[in-house]
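Student: Hi! Could we walk through this model together before I set anything up with it?
Tutor: Happy to, let's take a look.
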Amino acid sequence: MRPLLPSQTALVLGGGGAKGAYEIGAIAALNELGIQAGSVYGVSVGALNAAMYAQGDLERAEALWASIRLSDLVSPESIKMADDAEALFDHPEKLLEFISRNAQNRGMDVTPFRQIVASYVDEAAVRRSTVRLGLLATRFPSMNRVEKRISDMEEGSLHDWLMASSACYPAFPMVNLGGERYIDGGFGDNTPVDMAIRDGARHIIALDIGRNPSHTQYRQRPNITYIRTTHPLGGLLTFDPARSAQNRTLGYNDTLRAFGRLRGTRYAFDPTDAQALYSRAEDFLVRLSQVEARLQLGNALTRRDNAAPLFSLLEEQLRPGADAIDYFLRACELCAEIAEVNPAQTFTFDAFTDELRARLPLEKAEAMLSSLRGGLIGVLFSPPQPDRKLIIACLYHLLQREHMFSSLAMHTLSAFPREMLCALTLREIL
(Lines give C-alpha, C1' and ligand atoms only; values in the text may rest on other atoms or scores of the structure.)
Protein backbone atom coordinates (compact mmCIF):
# COMPACT_ATOMS: atom_id res chain seq x y z
CA MET A 1 0.00 0.00 0.00
CA ARG A 2 1.31 3.47 -0.90
CA PRO A 3 1.99 5.82 2.03
CA LEU A 4 -1.01 7.99 2.91
CA LEU A 5 -0.17 11.69 2.88
CA PRO A 6 -1.90 13.68 5.65
CA SER A 7 -2.89 16.41 3.20
CA GLN A 8 -4.79 13.85 1.13
CA THR A 9 -6.20 11.70 3.96
CA ALA A 10 -9.46 12.24 5.81
CA LEU A 11 -10.63 10.52 8.99
CA VAL A 12 -14.40 10.17 9.50
CA LEU A 13 -15.73 9.40 12.98
CA GLY A 14 -19.32 8.19 13.34
CA GLY A 15 -21.79 8.76 16.15
CA GLY A 16 -22.60 6.19 18.79
CA GLY A 17 -22.63 7.66 22.29
CA ALA A 18 -20.71 5.46 24.73
CA LYS A 19 -19.28 3.47 21.82
CA GLY A 20 -16.95 6.39 21.10
CA ALA A 21 -14.13 4.65 22.99
CA TYR A 22 -13.85 2.37 19.94
CA GLU A 23 -12.76 5.37 17.88
CA ILE A 24 -10.04 6.28 20.37
CA GLY A 25 -8.59 2.77 20.05
CA ALA A 26 -8.74 3.06 16.26
CA ILE A 27 -6.91 6.40 16.35
CA ALA A 28 -4.21 4.86 18.55
CA ALA A 29 -3.76 2.13 15.94
CA LEU A 30 -3.54 4.68 13.11
CA ASN A 31 -0.88 6.57 15.03
CA GLU A 32 1.05 3.34 15.54
CA LEU A 33 0.82 2.70 11.80
CA GLY A 34 2.15 6.18 11.11
CA ILE A 35 -1.10 7.28 9.43
CA GLN A 36 -2.05 10.90 10.05
CA ALA A 37 -5.12 12.60 8.64
CA GLY A 38 -5.10 16.17 7.38
CA SER A 39 -8.84 16.52 7.90
CA VAL A 40 -11.25 14.96 10.35
CA TYR A 41 -15.05 14.84 10.28
CA GLY A 42 -17.39 13.76 13.04
CA VAL A 43 -20.96 13.38 14.14
CA SER A 44 -22.26 13.39 17.71
CA VAL A 45 -19.66 11.71 19.95
CA GLY A 46 -17.56 11.36 16.81
CA ALA A 47 -17.54 15.17 16.57
CA LEU A 48 -16.13 15.40 20.10
CA ASN A 49 -13.45 12.83 19.28
CA ALA A 50 -12.75 14.64 16.01
CA ALA A 51 -12.19 17.92 17.82
CA MET A 52 -9.73 16.27 20.21
CA TYR A 53 -7.99 14.66 17.24
CA ALA A 54 -7.72 18.02 15.48
CA GLN A 55 -6.10 19.62 18.52
CA GLY A 56 -3.57 16.76 18.65
CA ASP A 57 -4.42 15.53 22.13
CA LEU A 58 -4.88 11.75 22.04
CA GLU A 59 -3.62 11.32 25.60
CA ARG A 60 -6.32 13.66 26.89
CA ALA A 61 -8.95 11.84 24.86
CA GLU A 62 -7.78 8.49 26.22
CA ALA A 63 -7.92 9.85 29.77
CA LEU A 64 -11.50 11.00 29.22
CA TRP A 65 -12.65 7.63 27.88
CA ALA A 66 -10.80 5.69 30.58
CA SER A 67 -12.95 7.19 33.32
CA ILE A 68 -16.16 8.63 31.89
CA ARG A 69 -19.52 7.54 33.30
CA LEU A 70 -23.07 8.64 32.54
CA SER A 71 -23.10 10.56 35.83
CA ASP A 72 -20.31 12.75 34.38
CA LEU A 73 -22.53 13.77 31.46
CA VAL A 74 -25.99 14.43 32.91
CA SER A 75 -27.35 15.81 36.17
CA PRO A 76 -28.29 13.39 39.00
CA GLU A 77 -31.96 14.09 38.35
CA SER A 78 -31.58 12.97 34.73
CA ILE A 79 -29.95 9.61 35.50
CA LYS A 80 -33.35 8.03 36.08
CA MET A 81 -34.30 8.90 32.47
CA ALA A 82 -31.40 6.87 31.07
CA ASP A 83 -33.20 3.52 30.93
CA ASP A 84 -36.16 5.12 29.17
CA ALA A 85 -33.85 6.84 26.71
CA GLU A 86 -31.82 3.67 26.00
CA ALA A 87 -35.03 1.74 25.31
CA LEU A 88 -36.09 4.51 22.94
CA PHE A 89 -33.01 4.01 20.77
CA ASP A 90 -33.94 0.34 20.34
CA HIS A 91 -37.68 0.98 19.99
CA PRO A 92 -38.36 4.19 18.03
CA GLU A 93 -42.08 3.46 18.16
CA LYS A 94 -41.97 4.59 21.81
CA LEU A 95 -40.96 8.13 20.80
CA LEU A 96 -44.29 9.84 21.54
CA GLU A 97 -44.62 7.99 24.86
CA PHE A 98 -41.14 9.15 25.89
CA ILE A 99 -41.78 12.77 24.90
CA SER A 100 -45.08 12.94 26.78
CA ARG A 101 -43.63 11.31 29.89
CA ASN A 102 -40.66 13.68 29.96
CA ALA A 103 -42.26 16.78 28.44
CA GLN A 104 -41.55 18.97 31.45
CA ASN A 105 -37.86 18.05 31.46
CA ARG A 106 -37.35 18.60 27.71
CA GLY A 107 -34.76 15.85 27.77
CA MET A 108 -31.90 15.20 30.12
CA ASP A 109 -30.00 18.01 31.79
CA VAL A 110 -26.67 17.86 29.94
CA THR A 111 -24.98 20.75 31.72
CA PRO A 112 -22.19 18.43 32.93
CA PHE A 113 -21.60 17.28 29.34
CA ARG A 114 -21.24 20.88 28.20
CA GLN A 115 -18.66 21.38 30.95
CA ILE A 116 -16.69 18.35 29.71
CA VAL A 117 -16.74 19.71 26.16
CA ALA A 118 -15.45 23.06 27.42
CA SER A 119 -12.76 21.36 29.49
CA TYR A 120 -11.47 18.90 26.91
CA VAL A 121 -11.77 20.89 23.68
CA ASP A 122 -9.52 23.92 23.19
CA GLU A 123 -11.08 25.93 20.39
CA ALA A 124 -7.97 28.04 19.91
CA ALA A 125 -5.84 24.89 19.49
CA VAL A 126 -8.32 23.47 16.98
CA ARG A 127 -8.22 26.68 14.94
CA ARG A 128 -4.40 26.71 14.98
CA SER A 129 -4.18 23.06 13.97
CA THR A 130 -3.12 21.95 10.50
CA VAL A 131 -5.87 19.28 10.78
CA ARG A 132 -9.11 20.65 9.37
CA LEU A 133 -12.22 19.88 11.44
CA GLY A 134 -15.73 19.36 10.12
CA LEU A 135 -18.92 18.23 11.83
CA LEU A 136 -22.54 17.62 11.03
CA ALA A 137 -25.73 18.70 12.81
CA THR A 138 -29.41 18.47 11.85
CA ARG A 139 -31.63 21.55 11.69
CA PHE A 140 -35.03 21.08 13.34
CA PRO A 141 -37.84 20.79 12.29
CA SER A 142 -36.79 20.82 8.62
CA MET A 143 -34.36 17.89 9.30
CA ASN A 144 -31.89 19.41 6.84
CA ARG A 145 -28.29 18.34 7.27
CA VAL A 146 -25.99 21.21 8.21
CA GLU A 147 -22.29 20.76 7.51
CA LYS A 148 -20.01 23.02 9.54
CA ARG A 149 -16.26 23.29 9.07
CA ILE A 150 -14.07 25.06 11.57
CA SER A 151 -13.38 27.78 9.00
CA ASP A 152 -17.15 28.42 8.74
CA MET A 153 -17.78 28.73 12.48
CA GLU A 154 -17.85 32.05 14.28
CA GLU A 155 -15.13 32.54 16.86
CA GLY A 156 -16.18 31.04 20.18
CA SER A 157 -18.93 28.84 18.71
CA LEU A 158 -17.14 25.47 18.45
CA HIS A 159 -18.43 24.16 21.78
CA ASP A 160 -21.99 25.12 20.79
CA TRP A 161 -21.65 23.27 17.48
CA LEU A 162 -20.28 20.20 19.26
CA MET A 163 -23.31 20.24 21.55
CA ALA A 164 -25.61 20.65 18.55
CA SER A 165 -24.03 17.73 16.72
CA SER A 166 -24.49 15.61 19.88
CA ALA A 167 -28.04 16.63 20.75
CA CYS A 168 -29.57 13.16 20.54
CA TYR A 169 -33.17 14.34 20.76
CA PRO A 170 -35.45 13.64 22.59
CA ALA A 171 -33.08 12.09 25.17
CA PHE A 172 -30.87 15.20 24.96
CA PRO A 173 -32.41 18.65 24.46
CA MET A 174 -32.22 20.61 21.24
CA VAL A 175 -29.56 23.27 20.92
CA ASN A 176 -30.47 26.84 19.92
CA LEU A 177 -27.74 28.41 17.83
CA GLY A 178 -27.93 31.51 15.65
CA GLY A 179 -31.72 31.59 15.88
CA GLU A 180 -32.05 27.99 14.70
CA ARG A 181 -32.71 24.75 16.58
CA TYR A 182 -30.44 21.75 16.06
CA ILE A 183 -30.47 18.07 16.96
CA ASP A 184 -27.95 15.25 16.59
CA GLY A 185 -26.19 15.10 13.24
CA GLY A 186 -26.71 11.35 13.22
CA PHE A 187 -30.31 11.92 12.19
CA GLY A 188 -28.96 13.11 8.86
CA ASP A 189 -25.84 10.98 8.42
CA ASN A 190 -24.27 8.99 11.21
CA THR A 191 -20.91 8.59 9.40
CA PRO A 192 -20.33 11.70 7.25
CA VAL A 193 -18.18 10.18 4.53
CA ASP A 194 -19.81 12.46 1.97
CA MET A 195 -18.33 15.55 3.65
CA ALA A 196 -14.84 14.17 3.10
CA ILE A 197 -15.69 13.27 -0.50
CA ARG A 198 -17.02 16.76 -1.20
CA ASP A 199 -13.83 18.26 0.23
CA GLY A 200 -11.73 16.21 -2.20
CA ALA A 201 -10.06 13.73 0.15
CA ARG A 202 -7.90 11.30 -1.81
CA HIS A 203 -8.14 8.56 0.82
CA ILE A 204 -10.80 8.22 3.52
CA ILE A 205 -10.72 6.16 6.70
CA ALA A 206 -14.28 5.82 8.04
CA LEU A 207 -15.14 4.44 11.48
CA ASP A 208 -18.79 3.38 11.63
CA ILE A 209 -19.97 2.69 15.19
CA GLY A 210 -23.70 3.26 14.75
CA ARG A 211 -26.43 0.78 15.56
CA ASN A 212 -26.98 0.18 11.84
CA PRO A 213 -24.30 0.28 9.11
CA SER A 214 -23.89 3.52 7.17
CA HIS A 215 -22.81 3.92 3.56
CA THR A 216 -22.56 0.29 2.58
CA GLN A 217 -22.01 1.53 -0.99
CA TYR A 218 -18.50 2.66 0.03
CA ARG A 219 -17.27 -0.57 1.60
CA GLN A 220 -15.48 -1.83 -1.51
CA ARG A 221 -14.14 1.50 -2.78
CA PRO A 222 -10.35 1.32 -3.22
CA ASN A 223 -9.84 4.78 -1.72
CA ILE A 224 -12.05 4.24 1.35
CA THR A 225 -11.02 2.10 4.30
CA TYR A 226 -14.36 1.37 5.92
CA ILE A 227 -14.04 0.00 9.45
CA ARG A 228 -17.00 -1.35 11.38
CA THR A 229 -16.83 -3.61 14.39
CA THR A 230 -18.25 -7.10 14.11
CA HIS A 231 -18.91 -7.23 17.88
CA PRO A 232 -21.56 -5.43 19.96
CA LEU A 233 -20.20 -2.30 21.63
CA GLY A 234 -22.99 -1.82 24.17
CA GLY A 235 -25.71 0.79 24.47
CA LEU A 236 -25.51 4.46 23.53
CA LEU A 237 -25.62 5.44 27.20
CA THR A 238 -23.57 2.56 28.63
CA PHE A 239 -20.74 4.80 29.82
CA ASP A 240 -18.66 2.37 31.85
CA PRO A 241 -14.84 2.38 32.13
CA ALA A 242 -14.55 -1.41 31.80
CA ARG A 243 -16.76 -1.48 28.70
CA SER A 244 -14.88 1.50 27.28
CA ALA A 245 -11.57 -0.31 27.75
CA GLN A 246 -12.86 -3.33 25.84
CA ASN A 247 -14.30 -1.16 23.07
CA ARG A 248 -11.01 0.71 22.78
CA THR A 249 -9.18 -2.60 22.28
CA LEU A 250 -11.72 -3.70 19.66
CA GLY A 251 -11.22 -0.45 17.77
CA TYR A 252 -7.45 -0.83 17.95
CA ASN A 253 -7.54 -4.43 16.72
CA ASP A 254 -10.10 -3.81 13.97
CA THR A 255 -8.00 -0.96 12.58
CA LEU A 256 -4.77 -2.96 12.61
CA ARG A 257 -6.68 -5.77 10.88
CA ALA A 258 -8.05 -3.38 8.25
CA PHE A 259 -4.49 -2.39 7.36
CA GLY A 260 -3.16 -5.95 7.31
CA ARG A 261 -1.27 -5.86 10.63
CA LEU A 262 -3.47 -8.53 12.20
CA ARG A 263 -5.24 -11.57 10.72
CA GLY A 264 -8.74 -12.82 11.41
CA THR A 265 -12.25 -11.50 10.87
CA ARG A 266 -13.82 -11.17 14.32
CA TYR A 267 -10.78 -12.09 16.42
CA ALA A 268 -7.20 -10.83 16.20
CA PHE A 269 -4.39 -13.20 15.28
CA ASP A 270 -0.69 -12.49 15.11
CA PRO A 271 -0.02 -12.23 11.34
CA THR A 272 3.38 -13.91 11.30
CA ASP A 273 2.10 -16.79 13.40
CA ALA A 274 -1.00 -17.12 11.18
CA GLN A 275 1.01 -17.18 7.97
CA ALA A 276 2.69 -20.38 9.15
CA LEU A 277 -0.74 -22.06 9.06
CA TYR A 278 -1.08 -21.92 5.26
CA SER A 279 -0.48 -25.60 4.50
CA ARG A 280 -2.68 -26.62 7.42
CA ALA A 281 -5.41 -24.28 6.22
CA GLU A 282 -5.35 -25.75 2.71
CA ASP A 283 -5.65 -29.28 4.11
CA PHE A 284 -8.61 -28.17 6.21
CA LEU A 285 -10.41 -26.72 3.18
CA VAL A 286 -9.90 -29.95 1.23
CA ARG A 287 -11.41 -32.02 4.07
CA LEU A 288 -14.27 -29.57 4.51
CA SER A 289 -15.05 -29.79 0.79
CA GLN A 290 -15.11 -33.58 1.08
CA VAL A 291 -17.61 -33.40 3.95
CA GLU A 292 -19.89 -31.13 1.93
CA ALA A 293 -19.65 -33.49 -1.04
CA ARG A 294 -20.65 -36.36 1.22
CA LEU A 295 -23.64 -34.38 2.50
CA GLN A 296 -24.94 -34.21 -1.06
CA LEU A 297 -24.28 -37.85 -1.95
CA GLY A 298 -27.32 -39.97 -2.62
CA ASN A 299 -29.89 -37.16 -2.50
CA ALA A 300 -31.12 -36.43 -6.00
CA LEU A 301 -33.63 -33.88 -4.64
CA THR A 302 -31.04 -31.65 -2.95
CA ARG A 303 -31.17 -28.13 -4.31
CA ARG A 304 -27.92 -26.99 -5.84
CA ASP A 305 -28.07 -23.62 -4.06
CA ASN A 306 -27.83 -25.48 -0.74
CA ALA A 307 -24.81 -27.48 -1.83
CA ALA A 308 -22.28 -25.56 0.32
CA PRO A 309 -23.82 -25.11 3.79
CA LEU A 310 -20.46 -25.14 5.60
CA PHE A 311 -18.56 -22.82 3.29
CA SER A 312 -21.56 -20.45 3.24
CA LEU A 313 -21.20 -19.99 7.00
CA LEU A 314 -17.57 -18.99 6.57
CA GLU A 315 -18.26 -16.62 3.69
CA GLU A 316 -20.94 -14.64 5.57
CA GLN A 317 -18.20 -12.51 7.13
CA LEU A 318 -15.24 -12.93 4.78
CA ARG A 319 -14.34 -10.20 2.32
CA PRO A 320 -13.80 -10.87 -1.40
CA GLY A 321 -10.33 -12.21 -2.10
CA ALA A 322 -10.03 -14.14 1.19
CA ASP A 323 -7.28 -16.76 1.17
CA ALA A 324 -7.06 -20.20 2.76
CA ILE A 325 -5.84 -18.77 6.07
CA ASP A 326 -8.83 -16.41 6.22
CA TYR A 327 -11.20 -19.37 5.75
CA PHE A 328 -9.39 -21.48 8.32
CA LEU A 329 -9.26 -18.71 10.93
CA ARG A 330 -12.93 -17.88 10.34
CA ALA A 331 -13.83 -21.50 11.12
CA CYS A 332 -11.77 -21.22 14.31
CA GLU A 333 -13.57 -17.99 15.18
CA LEU A 334 -16.97 -19.68 14.94
CA CYS A 335 -15.78 -22.07 17.65
CA ALA A 336 -14.56 -19.13 19.71
CA GLU A 337 -17.92 -17.38 19.43
CA ILE A 338 -19.73 -20.43 20.82
CA ALA A 339 -17.05 -20.85 23.51
CA GLU A 340 -17.46 -17.15 24.41
CA VAL A 341 -13.80 -16.30 24.02
CA ASN A 342 -13.11 -12.62 24.70
CA PRO A 343 -12.54 -10.91 21.32
CA ALA A 344 -10.56 -8.01 22.83
CA GLN A 345 -7.27 -9.92 22.71
CA THR A 346 -4.53 -10.69 20.20
CA PHE A 347 -3.75 -14.40 19.88
CA THR A 348 -1.00 -16.64 18.67
CA PHE A 349 -2.60 -19.80 17.36
CA ASP A 350 -1.33 -21.91 20.28
CA ALA A 351 -2.72 -19.42 22.80
CA PHE A 352 -6.04 -19.43 20.94
CA THR A 353 -6.40 -23.21 21.07
CA ASP A 354 -5.43 -23.18 24.76
CA GLU A 355 -8.25 -20.70 25.37
CA LEU A 356 -10.73 -22.94 23.54
CA ARG A 357 -9.69 -25.96 25.61
CA ALA A 358 -10.16 -23.97 28.81
CA ARG A 359 -13.65 -22.75 27.84
CA LEU A 360 -15.19 -25.89 26.34
CA PRO A 361 -16.59 -28.72 28.55
CA LEU A 362 -14.38 -31.35 26.93
CA GLU A 363 -14.20 -33.75 29.89
CA LYS A 364 -17.96 -33.68 30.44
CA ALA A 365 -18.53 -34.27 26.75
CA GLU A 366 -16.16 -37.23 26.67
CA ALA A 367 -18.07 -38.84 29.54
CA MET A 368 -21.28 -38.56 27.51
CA LEU A 369 -19.79 -40.17 24.43
CA SER A 370 -21.20 -43.67 24.91
CA SER A 371 -24.78 -42.35 24.83
CA LEU A 372 -24.15 -40.57 21.54
CA ARG A 373 -22.84 -43.51 19.56
CA GLY A 374 -25.20 -45.49 17.42
CA GLY A 375 -26.92 -42.48 15.88
CA LEU A 376 -28.26 -40.89 19.08
CA ILE A 377 -26.81 -37.45 18.28
CA GLY A 378 -30.27 -35.91 18.18
CA VAL A 379 -30.49 -36.08 21.98
CA LEU A 380 -28.02 -33.19 22.19
CA PHE A 381 -30.42 -30.86 20.43
CA SER A 382 -33.58 -31.84 22.31
CA PRO A 383 -33.59 -29.39 25.28
CA PRO A 384 -35.49 -26.12 24.76
CA GLN A 385 -32.19 -24.24 25.00
CA PRO A 386 -29.40 -26.67 24.12
CA ASP A 387 -25.91 -26.04 25.47
CA ARG A 388 -23.98 -25.23 22.30
CA LYS A 389 -20.62 -25.49 24.04
CA LEU A 390 -21.48 -29.02 25.13
CA ILE A 391 -22.85 -29.88 21.69
CA ILE A 392 -19.68 -29.02 19.79
CA ALA A 393 -17.51 -30.64 22.47
CA CYS A 394 -19.52 -33.86 22.20
CA LEU A 395 -19.43 -33.85 18.42
CA TYR A 396 -15.68 -33.24 18.55
CA HIS A 397 -15.14 -36.31 20.75
CA LEU A 398 -17.43 -38.36 18.53
CA LEU A 399 -15.31 -37.42 15.53
CA GLN A 400 -12.16 -38.31 17.44
CA ARG A 401 -13.53 -41.83 17.99
CA GLU A 402 -15.35 -42.39 14.72
CA HIS A 403 -13.14 -40.29 12.38
CA MET A 404 -16.30 -39.41 10.44
CA PHE A 405 -19.98 -39.05 11.31
CA SER A 406 -22.21 -41.98 10.43
CA SER A 407 -24.73 -41.59 7.62
CA LEU A 408 -27.53 -41.16 10.16
CA ALA A 409 -25.50 -38.61 12.08
CA MET A 410 -24.73 -36.71 8.88
CA HIS A 411 -28.43 -36.57 8.11
CA THR A 412 -29.21 -35.25 11.61
CA LEU A 413 -26.40 -32.71 11.59
CA SER A 414 -27.26 -31.32 8.16
CA ALA A 415 -29.92 -29.27 10.00
CA PHE A 416 -27.22 -27.87 12.33
CA PRO A 417 -24.41 -26.82 10.00
CA ARG A 418 -22.77 -24.38 12.43
CA GLU A 419 -22.35 -27.01 15.14
CA MET A 420 -21.18 -29.53 12.55
CA LEU A 421 -18.62 -27.09 11.16
CA CYS A 422 -17.31 -26.26 14.64
CA ALA A 423 -16.88 -29.92 15.50
CA LEU A 424 -14.98 -30.54 12.28
CA THR A 425 -12.79 -27.53 13.03
CA LEU A 426 -12.09 -28.61 16.60
CA ARG A 427 -10.90 -31.98 15.31
CA GLU A 428 -8.33 -30.14 13.19
CA ILE A 429 -7.02 -27.76 15.84
CA LEU A 430 -7.26 -29.41 19.28
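Tutor: One definition before we start: a residue counts as buried under 20% relative accessible area, as exposed over 50%, and as partly exposed in between. Keep in mind, too, that this is a predicted model.

Student: Okay, let me try that out. How does Met143 count, and at what relative accessibility?
Tutor: Met143 has 37% relative accessibility, so it counts as partly exposed. Its backbone deserves a look as well: phi is about 65°, a positive value, although Met143 is not a glycine.

Student: Where is Met143?
Tutor: Met143 sits in the loop between β3 and β4. Pro141 has its place in that loop too, between β3 (132-140) and β4 (144-149). A cis peptide bond joins Phe140 and Pro141, with omega at about 10°.

Student: Which other residue besides glycine has a positive phi, near 50°?
Tutor: That would be His215, with phi near 50°. His215 is in the loop between β7 (203-208) and β8 (224-228).

Student: Is His215 buried or partly exposed?
Tutor: Buried, because its relative accessibility is 13%, and the cut-off for buried is under 20%.

Student: Let's zoom out. How many helices and strands are there?
Tutor: The chain has 21 helices and 10 strands. Of its 430 residues, 53% are buried. If you take contacts between residues at least 6 apart in sequence, 71% of them join residues at least 24 apart.

Student: What does Leu11 touch?
Tutor: Leaving out residues up to four places away in sequence, Leu11 touches Ile27, Leu30, Ala37, Ser39, Val40, Tyr41, Tyr53, Ile205 and Leu207.

Student: Switching to electrostatics: how many salt bridges are there in the whole structure?
Tutor: A search finds 23 salt bridges. One of them pairs Glu123 with Arg127, at 2.9 Å from N to O. Both residues lie in helix α8 (residues 123-128), 4 residues apart, which is about one turn of the helix.

Student: Where do salt bridges share partners?
Tutor: First, one more pair: Arg257 bridges to Asp254, with the closest N and O atoms 2.6 Å apart. Arg257 and Asp254 are 3 residues apart in helix α11 (residues 241-258), so about one helical turn separates them. Both Arg257 and Asp254 are buried. As for shared partners, salt bridges join Glu147, Arg149, Arg198 and Asp199 into one network.

Student: Tell me more about α11. How far does it reach?
Tutor: Helix α11 has 18 residues and reaches 25 Å from its first C-alpha to its last, close to the 26 Å expected. Its buried residues, among them Ser244, Asn247, Leu250 and Leu256, are part of a set that packs against α1 (21-32), α3 (58-67), β7, β8, β9 (268-269) and β10 (346-347).

Student: And what happens at its ends?
Tutor: At the start of α11, a side-chain oxygen of Asp240 comes within 3.2 Å of the backbone nitrogen of Ala242. Just after α11, Gly260 takes a positive phi of about 80°.

Note on methods. Residues numbered from 1 in each chain as written. Predicted model: local features only at pLDDT ≥ 70, side-chain atom pairs only at ≥ 80, totals over all residues. Heavy atoms only, no water. Contact = heavy atoms within 4.5 Å. Helix = DSSP H or I, 4+ residues; strand = E, 2+ residues; numbered from the N terminus. Buried < 20%, exposed > 50% of the residue type's maximum accessible area, 1.4 Å probe, protein only. Salt bridge = Lys/Arg side-chain N within 4 Å of Asp/Glu carboxyl O. Expected span 1.5 Å × (residues − 1). Polar contact = N/O pair within 3.5 Å; in protein donor to acceptor, adjacent residues only side chain to side chain.
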